[in-house]
Amino acid sequence: MRKNRLLLIFLSLVFVIAACKTEETIKEEKWEDDSPFFTNEIGEMFGKEGSIGIIGLKTITESGQKWMWHFLGN
């Protein structure tokens, strides 16, 4: 019984050490805000005129937001 407990502790330590050894970096991407505004029969949007238009604010709020996407063209 004691040997099983020691083996379990040893394997747990090996697992923790192996898991902590790898270092992963998170790449932060910065997006350029270059989407132009345009107006069509639906209303004022930003995006690419004739292709995609998004109705909503370009800023991010703490409480979240909803955007309405419109795919334009054929």
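The protein chain has one helix and four strands, where helices (H or I, at least four residues) and strands (E, at least two) are DSSP runs numbered from the N terminus. Read from the N terminus on, the elements follow the order α-β-β-β-β. This is a predicted model, in which local features need pLDDT of at least 70 and side-chain atom pairs count only at pLDDT 80 or more, while totals for chains, interfaces and linings use all residues. Residues are numbered from 1 along each chain as its sequence is written, and side-chain values use heavy atoms, with hydrogens and water left out.

The strands build an open sheet of four strands in the order β1-β2-β3-β4, with antiparallel pairing; two strands pair if DSSP finds at least two bridges between them. At the edges stand β1 (37-39) and β4, each with a single partner strand, so one side of each is left without a neighbour in the sheet. On average, neighbouring strands of this sheet are turned by 40° against each other, direction ignored, with axes taken as lines fitted to C-alpha atoms and angles running from 0 to 180 degrees between N-to-C directions. Between β1 and β2, which run antiparallel, there are three bridges, and the bridge partner of Phe37 in β2 is Phe46.

Phe37 and Phe46 also belong, together with Trp67, to one aromatic cluster. A search of the whole structure finds three aromatic pairs; rings of Phe, Tyr and Trp (its six-membered ring) pair if their centres lie within 6.5 Å, and planes under 30 degrees apart count as stacked, over 60 as edge-to-face and the rest as tilted. One of these pairs is edge-to-face and joins Phe46 and Trp67, at 5.7 Å centre to centre and with 90° between the planes. Because Phe46 lies in strand β2 (residues 44-48) and Trp67 in the loop between β3 (52-55) and β4 (68-71), the pair ties together parts that are 21 residues apart in sequence. Phe46 is buried, with a relative accessible area of 6%, whereas Trp67 is partly exposed at 36%; buried means under 20% relative accessible area, exposed over 50%, and partly exposed in between (1.4 Å probe, protein chains only). Of the 74 residues of the protein chain, 9% count as buried.

Ile9, whose place is in helix α1 (residues 2-21), is partly exposed, with a relative accessible area of 45%.
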